[in-house]
Amino acid sequence: MNEIILLIILMLVGFIAGVINTIAGGGSLLTLPMLIFMGLPPSIANGTNRIGIFIQSITSVAGFKSKGIQPSIFSVYLGISALIGSIIGAKIAINIKGEIFNKILAVIMLLVVIFMVFKPKVTLEGFVERLHGRYRVLAIVAFFVIGIYGGFIQAGVGIFILLALTTINRMSLVKSNAVKALIVFIYTIGALAVFAFNNQIDYLYGFVLAFGNATGGWFSSRWSVKKGDGIVKIFLIIMVIAMAIKLWIDS
């Protein structure tokens, strides 16, 4: 296929992923396998995907800040813990064989979809935030583990971050999303550095994907298409299942 057409398709997938990340979370479940289908080795696809994630996290942090929502020092603690974990996870991802990575990705994609369908609903009315003592320690440990997962594969990590913040620390969804943006920004620095140091990034594809991500994120936040979150989730589930099956068969 013509290279220009491939870049346009990649930008469109990035746009869709940006919308999904803003509304429901899980955009990397589309972009990572898409990069693999475009011919990138799994490790390079994994590293390339981080450019879009990094740029979108910057715009997300700036967006929340412009609305007066600024995460506290507690968020930085969690981000640093996740950063340490992400370096470990990224090193594991680089050293794993491509065929094995594809099968792991296919399984994780299906597991994340199942979790999205059956994840427990958290009610926070009347609850007070738990940011100190054993809850702070528990959150730091949890985000170290989340950081390992995020550094390794990223796909669906936002869902787990929100679950941890709402269940362990009982943060509101709005605040959790702001904290999530900062945590992803911090730990992606480590993961991106590991992939870049090991020459596992295609910068052309990465910045094209990032442009699509940022545009999709801006569009969905600008026009507040929250009412379409159910449709988006159905679309995401169907696409992820199809991509997971193709990944498994092709590897």
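These notebook entries record what I looked up in one predicted model of a protein chain.

**Entry 1. Ground rules**

I worked from a predicted model, in which local features need pLDDT of at least 70, side-chain atom pairs count only at pLDDT 80 or more, and totals for chains, interfaces and linings use all residues. Residues are numbered from 1 along each chain as its sequence is written, and side-chain values use heavy atoms, with hydrogens and water left out.

**Entry 2. The chain as a whole**

Helices (H or I, at least four residues) and strands (E, at least two) are DSSP runs, numbered from the N terminus. The pattern along the sequence reads α-α-α-α-α-α-α-α-α-α.

I then looked up burial, where buried means under 20% relative accessible area, exposed over 50% and partly exposed in between (1.4 Å probe, protein chains only). Of the 251 residues, 48% count as buried. For contacts (heavy atoms within 4.5 Å), I noted that 85% of those between residues at least 6 apart in sequence join residues at least 24 apart.

**Entry 3. Helix α4**

I took α4, residues 73-95, and compared its span with the expected one, which is 1.5 Å times one less than the number of residues. With 23 residues, α4 reaches 34 Å from its first C-alpha to its last, close to the 33 Å expected. Its buried residues include Phe74, Leu78, Gly85, Gly89 and Ile94. I found the buried residues of α4 packed against α3, α6, α7 and α8.

Ser72 is partly exposed, at a relative accessible area of 32%. Val179 is 107 residues away from Ser72 in sequence, yet the two C-alpha atoms are 8.3 Å apart in space.

**Entry 4. Helix α6 and its crossing with α8**

The span of α6 (134-152) came next: 19 residues reach 27 Å from first C-alpha to last, close to the 27 Å expected. I listed the buried residues of α6 as Ala139, Ala142, Phe143, Ile146, Gly147, Tyr149, Gly150, Gly151 and Phe152. They pack against α3, α4, α5, α7 and α8. After α6 comes Gln154, with a positive phi near 70°.

How do α6 and α8 pack, and at what angle? I read an angle of about 45° with the axes 10 Å apart; axes are lines fitted to C-alpha atoms, for helices over the stretch in contact, and angles run from 0 to 180 degrees between N-to-C directions. That makes α6 oblique to α8. Angles under 35 degrees count as roughly parallel, over 145 as roughly antiparallel, 65 to 115 as roughly perpendicular and the rest as oblique. The crossing of α6 with α8 is right-handed; a crossing is left-handed if the near helix is turned anticlockwise from the far one by less than a right angle, and right-handed if clockwise.

In this contact, Phe143, Gly150 and Gly151 of α6 meet Ile183, Tyr187, Ala191 and Phe195 of α8. These residues divide into 5 nonpolar, 2 polar and no charged. Ala, Val, Leu, Ile, Met, Phe, Trp, Tyr, Cys and Pro count as nonpolar, Asp, Glu, Lys and Arg as charged, and the others, Gly among them, as polar.

**Entry 5. Helix α7**

Which residues of α7 are buried? I found Val157, Gly158, Ile159, Ile161, Leu162, Ala164, Leu165 and Thr166. Since 8 of the 11 residues of α7 are buried, this helix is largely enclosed by the rest of the structure. The cover over its buried residues includes α4, α5, α6 and α8.

I examined Leu165 of α7 separately. Leu165 is buried, at a relative accessible area of 0%. Leaving aside residues up to four places away in sequence, Leu165 touches Leu78, Phe143, Arg170, Met171, Ser176, Val179 and Lys180. Its C-alpha lies 9.6 Å from that of Phe143, 22 residues away along the chain.

Against α5 (residues 98-118), α7 (residues 157-167) packs at about 40°, with axes 10 Å apart. The two helices are therefore oblique to each other, and their crossing is left-handed. Val112, Phe115 and Met116 in α5 meet Ile159, Phe160 and Leu163 in α7. I classed the residues of this contact as 6 nonpolar, no polar and no charged.

**Entry 6. Leu173**

Is Leu173 buried or exposed? Leu173, in helix α8, counts as exposed at 52% relative accessibility. I also noted its C-alpha at 7.6 Å from that of Leu162, 11 residues apart along the chain.
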